[in-house]
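I opened my notebook with the structure on screen.

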Amino acid sequence: MRASKAFLPLVACGVLLAGATLGACRPSSSTEGAPDATASPQASAMPAPLTSNDTLRTSTSASPVTPEGGPPPTPLRGDAPLPPDTLARDVTGYTLSALLRPGELVGPPRAPEVNTAGIEAARKKTELRLGIELGVSRMRLSLLGHGFVLPPDSELRARSDRYGHVVVWDNGQAYRPIGPGALRALLGERRLDVAPITSAEVVTKDETGKRIGIRTRKVEVTTRAARSVWEIGRLAELGDGGVLLCRFLLDLMNAPPGTQVCGLDEVPMRVELRWTGQGSLGFELTGVLKKNDLSSSGLLVPPANASFAASPLEANGVEPMLSAPELAALRTGPVDVPPPPAGVSEGLSVQNATDELRLVFVDGVSAAWVAPGARALLSGLQRGRYNIQLRTFLGDASQTTMGQVVPGVIQVGTPADAGTKPIK
């Protein structure tokens, strides 16, 4: 299942995914809030109610938690500003590093002109790195690198007394709350469509392991959107911080935010998400550092000086993730290929005739994203043959062309798939 896509484009600034409140591990009895952008055909205007049916069949040992023993968290609204947040003092917490790993990528063809060093450098630049700060009741998750659809250095923030997240951008100057069920559309298409929340089944496995020196237990979580395998570890005095990170991952599979996967002082170490239709996405912690001096101002949800943004974040045309010289470095030099189609003298002309944003992967490296209904030239690729994939950010829809000739033209979908949207 793919997330719907009405991400309220948030002005042309970097989107910082700032905090929604993620605390307790119990499903809420209701959700509220919907973005004021035009919804896609597959989007639900509001999250599906989190009813008692969503308290899942589970054998997990993780206990649900509520902020400071209080009532369950309330869902964020996407159309309403948040009151100022306060933390009395700096907090003890953890700084984590993590990666998202797209699955089913196709590498370069076997050819002498393939530049392995250039491909590795491009892959390193566009890998999906996450910088995470966890306090006992707050989370700050920074999107690092150039492989995300959202602007560089965007953030997500969350807090334990609210369900959902806050997107922050423009150097912390602008924010937008997003309710549960919106992360798939946000990360994949710059939209805030809310996908239906579906019940989740959680089963604890009798398996243990170790990741980066931390002992783990294994849990399987299944929804209509995905089947996932989790390895969960324990960090002393973490509080609800790891629960917030769990909710980030649960939202990607449209699970109720109160799903009982992580308990107090627990954190997801590694998660494999396999979508119901096709494709997969992995999450993995790569480093953990305990700190006693996390700045309270850096964990506020929303940030102290940020303003609520009503404008959407636009997604138009083709946006390169790699420069022309970096694309050229994927090959040691040009080779002879058949003559290009009329009107194409260099580069790769890309057309997205679907109604969803697609990423262009060249030899397994994300090179650009293409807005729905857009057509533009990706410049820099040397004359030769490449393996090209046009796929969604989550990898739940993909089209692969092996041995694509450059200069050349590639298209995903047909004009009918894009409805009445003009090709730009």
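My entries follow, by topic.

**Model.** I noted before anything else that this is a predicted model.

**Sheet.** I looked up the strand order. I found an open sheet of 12 strands with mixed pairing. I read the order as β9-β10-β11-β12-β13-β2-β3-β4-β5-β7-β8-β14. Which strands stand at the edges? They are β9 (201-211) and β14 (307-308). Each has a single partner strand, so one side of each is left without a neighbour in the sheet.

**A strand pair.** I then picked β2, residues 91-102, and β13, residues 280-294. The two run antiparallel and are joined by 11 bridges. I checked S97 and found its bridge partner in β13 to be G287.

**Helix on the sheet.** I turned to helix α3, residues 241-252. The helix lies across several strands, among them β2, β10, β11, β12 and β13. I noted its angle to β12 as about 5°.

**Disulfide.** How many disulfides does a search of the whole structure find? It finds 1. C246 and C262 form it, with their sulfur atoms 1.7 Å apart. I traced where the two cysteines sit: C246 is in helix α3, and C262 is in the loop between α3 and β12. They are 16 residues apart, and the pair links distant parts of the chain. I reminded myself that a disulfide is a covalent bond between the sulfur atoms of two cysteines. Are these cysteines buried or exposed? C246 counts as buried because its relative accessibility is 2%, under the 20% cut-off. C262 counts as buried too, at 1%.

**Cores.** I looked up the largest nonpolar core and counted 90 residues in it. I132, W230 and F248 touch the most other members. The largest share, 8 residues, comes from α3. A second, separate core has 7 residues, including V166, Y175, V301 and A306. I wrote a general reminder beside this: in soluble globular proteins, nonpolar side chains tend to be buried together.

**W230.** I listed its contacts, leaving aside neighbours within four places in sequence. Among them are C246, L249, L250 and M253. R217, K218 and R270 are also on the list.

**E189.** I ended with E189, which lies in helix α2, residues 183-189. E189 is buried, with a relative accessible area of 8%. A polar atom of its side chain lies 3.2 Å from the backbone nitrogen of L357.

Definitions and conventions. Residues are numbered from 1 along each chain as its sequence is written. This is a predicted model: local features need pLDDT of at least 70, side-chain atom pairs count only at pLDDT 80 or more; totals for chains, interfaces and linings use all residues. Side-chain values use heavy atoms; hydrogens and water are left out. Two strands pair if DSSP finds at least two bridges between them. Helices (H or I, at least four residues) and strands (E, at least two) are DSSP runs, numbered from the N terminus. Contact means heavy atoms within 4.5 Å. Axes are lines fitted to C-alpha atoms, for helices over the stretch in contact, and angles run from 0 to 180 degrees between N-to-C directions. Buried means under 20% relative accessible area, exposed over 50%, partly exposed in between (1.4 Å probe, protein chains only). A polar contact is a pair of N or O atoms within 3.5 Å; within protein, one must be able to donate a hydrogen and the other to accept it, and residues adjacent in sequence count only if both atoms are side-chain atoms. A disulfide is a pair of cysteine sulfur atoms within 2.5 Å. A nonpolar core is a set of buried Ala, Val, Leu, Ile, Met, Phe, Trp, Tyr and Cys residues joined through side-chain atoms within 4.5 Å.
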